[in-house]
Amino acid sequence: MNRRRPTLLAALTLTAAAALTLSACGSDNDSAAKDSDKIAGADTSGASPSASPTEPEQLKASRPKIELPADLSYTFEWPKTGDKDKDAVLADSEQSIKAVDLAIVNQNALDKAYLYYYEGEAAAGTQKFIQNYVDQKAGITGSYRFYDPEVAVDGDGTASFTYCEDQGKAYVRYLKTNKVRKTEVSAKSYVIYHTSLKKNSEGVWEIQKISSQSGSDKCQP
């Protein structure tokens, strides 16, 4: 997720194979948080041995309630595809984006809401990303727009999802002074994301890997 948070946390280098700009705003300070021994999203301990192949589909996962401040607004130009699995990827991805922002609002790099949607490498990198905001006592404000979704679902319960973000009207807000740092809109305000997801035993599409690139030609207006 990458929302315009001006120049607070420039693109962050994540774990092994992912570069992530999860919340726009870049920063000159790249202080990393401690890696946790294990970061898990939703409980993926698996269904019981006797579970039928269709049982996970029937389980109604208790997704976290995400309530964000009124100064944050979102536009998701992600029309439904009519395909149940693809639409589920879109819905869970939308919630995962908001969950990361909630962690920044809560100033908690181990906030349960985003850990529900992120697993493994993506969770570890996202924790570091959020920790940068916590370390600098910075929050977020503004409007975020997401568009041009491309989702593909494989028969093995995995999916890939690519989308664009317009960060032109999203900003960093420093909590101590309440000062908002605004930046000029440029080519770098448009970011492309690539995510790899896997459906867990409760039917939730968890993000396993995520990478981003600012200034993407594909996302330019």
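Tutor: Helices and strands here are DSSP runs numbered from the N terminus, with H or I over at least four residues making a helix and E over at least two making a strand. This is a predicted model, in which local features need pLDDT of at least 70 and side-chain atom pairs count only at pLDDT 80 or more, while totals for chains, interfaces and linings use all residues. Residues are numbered from 1 along each chain as its sequence is written, and side-chain values use heavy atoms, with hydrogens and water left out.

Student: OK, how many helices and strands does the protein have?

Tutor: The protein has four helices and eight strands, and along the sequence they follow the pattern β-β-α-β-α-α-α-β-β-β-β-β.

Student: And what share of the residues counts as buried?

Tutor: Of the 221 residues, 48% count as buried, where buried means under 20% relative accessible area, exposed means over 50%, and partly exposed lies in between (1.4 Å probe, protein chains only).

Student: Let's do helix packing. At what angle do α2 and α4 pack?

Tutor: Helix α2, residues 84–106, and helix α4, residues 120–135, pack at about 35° with their axes 9 Å apart; the axes are lines fitted to C-alpha atoms over the stretch in contact, and angles run from 0 to 180 degrees between N-to-C directions. The crossing of α2 and α4 is right-handed, that is, the near helix is turned clockwise from the far one by less than a right angle.

Student: Which residues of α2 and α4 meet there?

Tutor: From α2 come V100, A103 and I104, and they meet T126, F129, I130 and Y133 of α4, with contact taken as heavy atoms within 4.5 Å. The residues of this contact divide into six nonpolar, one polar and no charged, where Ala, Val, Leu, Ile, Met, Phe, Trp, Tyr, Cys and Pro count as nonpolar, Asp, Glu, Lys and Arg as charged, and the others, Gly among them, as polar.

Student: Is α4 mostly covered or mostly open?

Tutor: Mostly covered, since 13 of the 16 residues of α4 are buried.

Student: What happens just after α4?

Tutor: There K137 takes a positive phi of about 50°, although K137 is not a glycine. K137 lies in the loop between α4 and β4 (138–153) and is partly exposed, because its relative accessible area is 41%.

Student: New topic: how many disulfides does a search of the whole structure find?

Tutor: The search finds one, a disulfide being a pair of cysteine sulfur atoms within 2.5 Å, and it joins C164 to C219 with S to S at 2.0 Å. C164 lies in strand β5 (158–174) and C219 in the segment after β8 (205–214), so the pair ties together parts that are 55 residues apart in sequence. Both C164 and C219 are buried.

Student: What is the handedness of that link between C164 and C219?

Tutor: It is left-handed, with -75° about the S-S bond.

Student: And where does V172 sit?

Tutor: V172 is also placed in strand β5, and V172 counts as buried because its relative accessibility is 0%. Its C-alpha atom is 4.7 Å from that of I140, which is 32 residues away along the chain.

Student: Last one: what does K198 touch?

Tutor: Leaving aside residues up to four places away in sequence, K198 touches G157, T158, V204, W205, E206 and Q208. K198 is in strand β7 (190–199) and counts as partly exposed because its relative accessibility is 44%.
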